[in-house]
Amino acid sequence: MAITQIATIIFIYIISVLSESRSDTNHVFSPCSDAKIQRSDGFTFGIAFSTKNSFYPDNNSSRVQLSPCDKRLSLSNSQIAVFRPKVDQISLLTINTSKFSPDAYGGYMVAFAGRKYAARSLPAFVANGTFTVTSFTLALEFKKGRLQNLFWKRDGCSKCSGDSNFVCLNNQDCAIKTNSCLKQGQGGSVDCSLGIQMAFSGTDKHMSVLNSWYEVKNLRQYSLYGLYSNLKDSLTSQYNKFF
Ligand SMILES: *[C@@H]1O[C@H](CO)[C@@H](O)[C@H](O)[C@H]1NC(C)=O
Ligand SMILES: *[C@@H]1O[C@H](CO)[C@@H](O)[C@H](O)[C@H]1NC(C)=O
Ligand SMILES: *[C@@H]1O[C@H](CO)[C@@H](O)[C@H](O)[C@H]1NC(C)=O
Ligand SMILES: *[C@@H]1O[C@H](CO)[C@@H](O)[C@H](O)[C@H]1NC(C)=O
């Protein structure tokens with residue numbers, strides 16, 4: 001299985017805000033296996049970092065959307081992070097970039113889960129030598145408990161327009177200059193760790209509606225960072241400083 005060869009689990013923090021303690025009945029822990037979830041479950045998915053071309057078969061000559069679990073993708077220089085947020089809870093996942101540089105692994109990421117019912121997102125730009133995007137919203141859409149789609153949700157650059165710390169890329173992503181990012185052995189001052197806001201939509205296996213997406217949509221994206229009291233001060237205070 002390709003994923004065991006390439007998998008390196010990198011720094012993971014899973015922070016759940018609404019910590020309901022209902023049971024997790026989903027016993028699927030691999031992002032390369034199929035799960036059928038209900039609202040109280042955890043759900044395992046992966047994020048792979050690589051070049052944009054390597055997420056398409058035959059070095060971008062085919063447009064087929066394959067999962068990184070699929071052997072037909074040759075992700076040689078890549079990194080995988082695995083997460084297990086609670087379904088239908090508002091969660092913020094973070095990837096600490098003080099030792100891991102997304103641009104050293106191609107600068108793009110896809111989110112994925114499943115085998116027979118594999119689904120994955122389009123590649124999202126994270127970082128190159130010039131710019132780093134640190135804030136993402138990932139929506140997981142289920143139908144009767146099976147994952148159908150993963151989307152990166154974007155709401156333009158309204159949050160950073162007029163802020164000289166940010167550059168707006170392609171009218172959709174707020175980016176920080178990579179050379180201002182705190183890195184081992186480098187002089188930057190900003191913690192450019194990635195924050196991924198989770199949102200769930202669709203229906204679980206009992207046909208209950210998942211609606212955390214509507215809650216996320218109704219809050220301003222960055223105001224959510226204030227909700228994560230457990231989050232490392234650096235990330236929170238950084239966003240407080242900018243917004
Ligand atoms: C993939 O294609 C790009 C240009 O389209 C080329 O620069 C690169 O060397 C190719 N990579 C491989 C592994 O063939
Ligand atoms: C990959 O292929 C698509 C469609 O053929 C093309 O639009 C895109 O520019 C290519 N990307 C790279 C980086 O070569
Ligand atoms: C980094 O990405 C941005 C936005 O896509 C692009 O304008 C810039 O030229 C890239 N820089 C490098 C060094 O690749
Ligand atoms: C990332 O790791 C560095 C070094 O361990 C730490 O100082 C920083 O607070 C961490 N950032 C986040 C967002 O957890």
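## The shell around ligand 3

The shell around ligand 3 holds two nonpolar residues, three polar ones and no charged ones. Here Ala, Val, Leu, Ile, Met, Phe, Trp, Tyr, Cys and Pro count as nonpolar, Asp, Glu, Lys and Arg as charged, and the others, Gly among them, as polar. The shell members are Asn128, Gly129, Thr130, Phe131 and Leu169; a residue belongs if its C-beta atom, placed from the backbone, lies within 6 Å of the molecule.

This is a predicted model, where local features need pLDDT of at least 70, side-chain atom pairs count only at pLDDT 80 or more, and totals for chains, interfaces and linings use all residues. Residues are numbered from 1 along each chain as its sequence is written, with chains lettered from A and ligands numbered from 1 in the order in which they are written.

## Phe125

Beyond residues up to four places away in sequence, Phe125 touches Gly107, Tyr108, Val133 and Asp173; contact means C-beta atoms, placed from the backbone, within 7 Å.

## The chain as a whole

Of the 243 residues in the protein chain, 41% are buried. Among its contacts with a separation of 6 or more, 67% join residues 24 or more positions apart.

Conventions: Buried ≥ 20, exposed ≤ 12 C-beta atoms within 10 Å, placed from the backbone. Contact = placed C-beta atoms within 7 Å.
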